[in-house]
Amino acid sequence: MASKNDPFQAMEHAFYAAKEIMGEGRCLWPAPYNDGSYESRLAFIYDKIWTWNEADRQTQQLPRKDYIEFFVWHWTDSKAQGQPFICLKSRRLIISWLCRALELQDAGLSQANQLIAGQTFSDAQAHVWRSWYMYDQIQKRNPDWRLDDSLFYGPMNDQRLDSLILPNGSRITSINQRGESFRGTGVTGVCCEEGSAYDRLANTWGQAVTVCQGSPTSVGGHPTMIANASPNEEFLELIAA
């Protein structure tokens, strides 16, 4: 919990005050990237997303692959229906970057409150940094969009961030795998990265689904899990169900 004297808290309050004047919750993206359709999401992924390749130490776009289009379709469909989405993947498929890109587009459509969980807090921080990196690339490569700076907090030099706030007030926050970390209201999305390695997966996943629940008349948030194959019994029971 930030104290009253926390400089980041003061910056955050000033940031939100400025967003209210400018129109908090507004869509950041122009057409054709300004809706939640499959076509819009795929165009955003292929046209505007640049990732950081840690192995080659260079910036690059996502490849055009059938599995990417398959993933984007199912992610979009499950979100529209308010259904949990679990992706069992092999390594080196850049699924986590892809998921961050979809979450970023969604956060830019309207005000969102997204949580990213990792096996450790440091793991989650690395994923929030990826969200910042993609937004920073979009801002630099599309000057005609006139995107404002984001607000971020955390050890940037280590390529890790505690939280990221976009100019429309959307927040992306890192948390650890413990179920009690899943708190708050108005959660629009939770992603459990490397979920099959969690110590108490059933409890954690149950909390992720719970905080995403909407009212009886709304779709609610979008709980997702990205996982590698694992003998974890709780994980096997979850995917079997």
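This note walks through a predicted model, from its overall make-up down to single residues.

1. **Confidence.** The protein averages a pLDDT of 87. Of its residues, 87% score at least 70. Helix α1, residues 7-22, has the lowest mean pLDDT, at 58. Helix α2, residues 38-48, has the highest, at 98.

2. **Overall make-up.** The protein has 241 residues, and buried ones make up 50% of them. It contains seven helices and nine strands. Now take the contacts with a separation of 6 or more. Residues 24 or more positions apart account for 71% of these.

3. **Helix α2.** Is α2 enclosed or open? It is largely enclosed by the rest of the structure, because eight of its eleven residues are buried. Those residues are S40, R41, L42, A43, F44, I45, Y46 and K48. They pack against two strands, β1 (50-53) and β2 (58-61). They also pack against the helices α3 (66-81), α4 and α5 (121-141).

4. **K48.** This lysine sits in helix α2. The side chain of K48 makes a polar contact with the side chain of N142, at 2.7 Å. Setting aside neighbours within four places in sequence, K48 is in contact with Y33, A43, I138, N142 and W145. Take Y33 from that list: K48 and Y33 are 15 residues apart in sequence. In space, their C-alpha atoms are 9.3 Å apart.

5. **Aromatic pairs around F44.** The structure holds twelve aromatic pairs. One of them joins W29 and F44. This pair is tilted, with 5.1 Å centre to centre and 50° between the planes. W29 lies in the loop between α1 and α2, while F44 belongs to helix α2. The two are 15 residues apart, and the pair links distant parts of the chain. W29 and F44 are both buried. F44 also pairs with Y33. Here the arrangement is edge-to-face: 6.2 Å centre to centre, 65° between the planes. Y33 lies in the loop between α1 and α2 and F44 in helix α2, so this pair ties together parts that are eleven residues apart in sequence. Y33 is buried, as is F44. Y33 is also in contact with K48, the residue of the previous point.

6. **Other aromatic features.** Which residues form one aromatic cluster? They are W52, W97, W129, W132, Y133 and F152. Elsewhere, a charged residue meets a ring: R141 lies over the face of W50. The distance from the ring centre is 3.7 Å.

7. **I95.** This isoleucine is found in helix α4, residues 95-109. Its relative accessibility is 4%, and I95 counts as buried. Leaving aside neighbours within four places in sequence, its contacts are Y67, F71, C87, K89 and I226. I95 and Y67 are 28 residues apart in sequence. Their C-alpha atoms are 9.6 Å apart in space.

8. **N228.** This asparagine has its place in strand β9. N228 is buried, with a relative accessible area of 7%. Which side chains does the side chain of N228 meet in polar contacts? One is that of K89, at 3.3 Å. Another is that of E194, at 2.9 Å. With neighbours within four places in sequence left out, N228 is in contact with L88, K89, S90, R91, E194, S196 and F235. K89 is also in contact with I95.

9. **Helix α6.** This helix spans residues 201-211. Its buried residues are L201, T204, W205, A208 and V211. Where do they sit around the helix? Seen down the axis of α6, they fall within an arc of 135°, so they line one face of the helix. What covers them includes the strands β3 (85-89), β8 (189-193) and β9 (222-228). Helix α7 (233-240) is also part of the cover.

Note on methods. Residues numbered from 1 in each chain as written. Predicted model: local features only at pLDDT ≥ 70, side-chain atom pairs only at ≥ 80, totals over all residues. Heavy atoms only, no water. pLDDT = per-residue confidence, 0-100. Helix = DSSP H or I, 4+ residues; strand = E, 2+ residues; numbered from the N terminus. Contact = heavy atoms within 4.5 Å. Polar contact = N/O pair within 3.5 Å; in protein donor to acceptor, adjacent residues only side chain to side chain. Phe/Tyr/Trp six-rings, centres within 6.5 Å; stacked < 30°, edge-to-face > 60°. Buried < 20%, exposed > 50% of the residue type's maximum accessible area, 1.4 Å probe, protein only. Lys NZ or Arg CZ within 6 Å of the ring centre and 35° of its normal. Arc of directions from axis to C-beta.
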